[in-house]
Amino acid sequence: MSKMWKVAVIGAGDMGRQHVRGWTLAGHEVVSVTDIDAERVKPLAAEFGIERTYADYKEAVAQPEVEIVSICLPLSLHAPVTIYAAEQGKHVFCEKPLARNFREAAAMEEAVNKASVQFGLGFQRNLSRSIGVVKDWIEEGKLGRPVVCQCDSVAQIRPKRIMHDANGNAGPLMDLGCHYYVMWQTIFQSLPKTVYAHGNVMAKDRKELSHIEKLAIDTAAVTIEYESGDTGIFTVTWGMAPNFKMKSYQDRIYGPNGGIEGGLNNNPKKIMLYEEDQVTEVPLESYASLHKAQFDLFVDALNNGKPAPVSFQAGREVLATTLAIFKSIETGEVIDFASFYKQLV
Ligand SMILES: NC(=O)c1ccc[n+]([C@@H]2O[C@H](COP(=O)([O-])OP(=O)(O)OC[C@H]3O[C@@H](n4cnc5c(N)ncnc54)[C@H](O)[C@@H]3O)[C@@H](O)[C@H]2O)c1
């Protein structure tokens, strides 16, 4: 029987709950849950029978029995908590995105390397079976080449107001977009070549957000050309009025010979394949928990002394893509990705 790891989950919000469930399903022991908000941490701990709760992450992380620290905190806390956990000699699994900027990312990586611990990053949606299927189909030429992949998100202003804070979670281009940028890299097997985006703050006059000093861009049209010749397009607004009912459209990929439609990185049970005049519903074996699946892979790396499968490199590439999008919006220019990335590292 493989080792049961002892995990401290930091942050008891939506992702905190998913991490507690995922680690438990994967057969490991969540020894504590931490949150500054007692009203969040207590019910979560009670639901999963976890005895210890903390308000201070340092106290939780420093407990000698803790082997893995699972970070489910707002973006600005990914760096300080990762660094502290590594300094305490703990392995770290951190929610996406990696960090707000390359300075934070470099400090995290330095601390992890210095402590010789492992660092895993939470891009669990990229494990969706559909992504492997679509990648193979593109490789086999089922759709022809080049392909265009369109993703869309239309939403009312987010109930978690920190999503709208440029110094907090930094809006949808950082918070949600990262799932698409990593998916495009995976299915195109390629890095961005050029990045162009136009964006604005649709919610700038909303009184619900008037307490935020600097609002994040909430609305944009992003076009990324990949080295492979394929294109990723992301249209997004999180700036609509509360209770706005319009829905996002589904992810679509098409090339000269066919197309695919579905919630591609959302663990779908089926996707639609379009070839000539045929439309086929393709069933997929979705995961019961993508979080369990990602923790299985992380632990397999720990058990076998291998590097974590999704770590700093993926995090940096996706962060560079996000920052190139911000740069293009700011300057109105098409960003050459390779030279932009070189300047960041
Ligand atoms: N992988 C995914 O699919 C996915 C989905 C949603 C969110 N996320 C990421 O997960 C992270 C958390 O997002 P969420 O949706 O769970 O947010 P959330 O607001 O639901 O939860 C965050 C929790 O952190 C707590 N917190 C804040 N400061 C703290 C501190 N100093 N010490 C202890 N607790 C503190 C808050 O009280 C809150 O309960 C973000 O980085 C987000 O981008 C990932």
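This is a predicted model: local features need pLDDT of at least 70, side-chain atom pairs count only at pLDDT 80 or more; totals for chains, interfaces and linings use all residues.
Numbering runs from 1 along each chain as its sequence is written, and side-chain values use heavy atoms, with hydrogens and water left out. Helices (H or I, at least four residues) and strands (E, at least two) are DSSP runs, numbered from the N terminus.

**H1 and H2**
- The axes (lines fitted to C-alpha atoms over the stretch in contact, with angles from 0 to 180 degrees between N-to-C directions) of H1 (residues 14-25) and H2 (residues 38-48) come within 11 Å and cross at roughly 20°.
- That makes H1 roughly parallel to H2, a label for angles under 35 degrees.
- Contact (heavy atoms within 4.5 Å) involves Gly16, Arg17, Val20, Arg21 and Thr24 on the H1 side, and Leu44, Glu47 and Phe48 on the H2 side.

**H6 and H8**
- H6 (residues 129-140) packs against H8 (residues 177-188) at an angle of about 40°, their axes 8 Å apart.
- H6 brings Ile131, Val134, Lys135 and Ile138 to the contact, while H8 brings Met183, Thr186 and Ile187.

**Annotated domain**
- An unreviewed UniProt entry annotates residues 135-335 as "domain: Gfo/Idh/MocA-like oxidoreductase C-terminal"; such annotations may be inferred rather than shown by experiment.
- The end C-alpha atoms of residues 135-335 lie 26 Å apart, and the span is 28% helix and 29% strand.

Notes: Angles under 35 degrees count as roughly parallel, over 145 as roughly antiparallel, 65 to 115 as roughly perpendicular and the rest as oblique.
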